[in-house]
Every structure is written in structure tokens, then in C-alpha cells.
Amino acid sequence: MMGTEFTEGGRMTVPKDARSAPGIAGGARARASAGPARDLEVAGEADFMARIAEAESAAAAGRVRRAESLSADWRSRIIRE
């Protein structure tokens with residue numbers, strides 16, 4: 001697994017191997033997003049409700065975080081370093 005760094009200005013440094021594989025040149029601007037590895041398929045109302053219950057359970061157990069909380073945590077780490 002490759003690591004990456006965030007600068008004080010919020011920019012991210014991507015390792016050369018990760019940039020060169022898709023043909024991104026140094027200094028280029030790129031957008032990245034993360035999403036599920038596979039498409040979500042819901043097989044009806046019962047399946048939907050089961051997924052909601054599973055998500056609520058994960059949140060209650062602290063296995064997930066709200067995006068706002070994660071973003072604030074990252075910002076505070078960037079500013080401190």
C-alpha cells in the first residue's frame with residue numbers, strides 16, 4: 001500500500017508510481033473519489049430495511065464516522081503538522 005501526504009494548504013502528494021500508472025504528469029490537476037467496490041443492489045423493501053438496520057448498528061458501535069467529523073479530523077492534523 002502506498003502512502004500519501006497532505007500539505008498545510010490541503011494539497012495531496014501522490015507517489016510517482018500511482019501518478020504514472022494512469023498517465024498523470026507531475027504538477028497536473030486531478031480529481032479522485034472513493035466509492036463502493038461494486039454497485040449496490042437492493043432486492044426489495046426487506047433487503048433495504050435490513051441494510052438500514054445494519055448501517056445504524058455500525059454507527060452505534062462506532063465502526064463508521066460522519067464525513068464532517070472525518071474531514072474536521074484531517075484538517076486538524078494537517079494544520080498541526
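**Exercise 1.** Locate F48 in this predicted model and decide whether F48 is buried, partly exposed or exposed.

*Solution.* 
Step 1: F48 sits in helix α2.
Step 2: The relative accessible area of F48 is 42%.
Step 3: Buried means under 20%, and exposed means over 50%.
Step 4: F48 is therefore partly exposed, with its 42% lying in between.

**Exercise 2.** Compare the span of helix α2 with the expected value.

*Solution.* 
Step 1: Helix α2 runs over residues 45-60, which makes 16 residues.
Step 2: At 1.5 Å a residue, 22 Å is expected.
Step 3: From first C-alpha to last, α2 reaches 22 Å, close to that expectation.
Step 4: Just after α2, G62 has a positive phi of about 80°.

**Exercise 3.** State where confidence is lowest and where it is highest.

*Solution.* 
Step 1: The protein chain holds three helices and two strands, in the order β-β-α-α-α from the N terminus.
Step 2: Mean pLDDT for the chain is 77, with 81% of residues at 70 or more.
Step 3: Strand β1 (residues 5-6) is lowest, at a mean of 70, and α2 is highest, at 92.

**Exercise 4.** Work out how much of the chain is buried and what its surface is made of.

*Solution.* 
Step 1: The chain has 81 residues, and 4% of them count as buried.
Step 2: Its accessible surface is about 7,600 Å².
Step 3: Carbon and sulfur atoms account for 54% of that surface.

Definitions and conventions: Residues numbered from 1 in each chain as written. Predicted model: local features only at pLDDT ≥ 70, side-chain atom pairs only at ≥ 80, totals over all residues. Heavy atoms only, no water. Helix = DSSP H or I, 4+ residues; strand = E, 2+ residues; numbered from the N terminus. Expected span 1.5 Å × (residues − 1). pLDDT = per-residue confidence, 0-100. Buried < 20%, exposed > 50% of the residue type's maximum accessible area, 1.4 Å probe, protein only. Areas by Shrake-Rupley, 256 points an atom, 1.4 Å probe, with all protein chains shown as cover.
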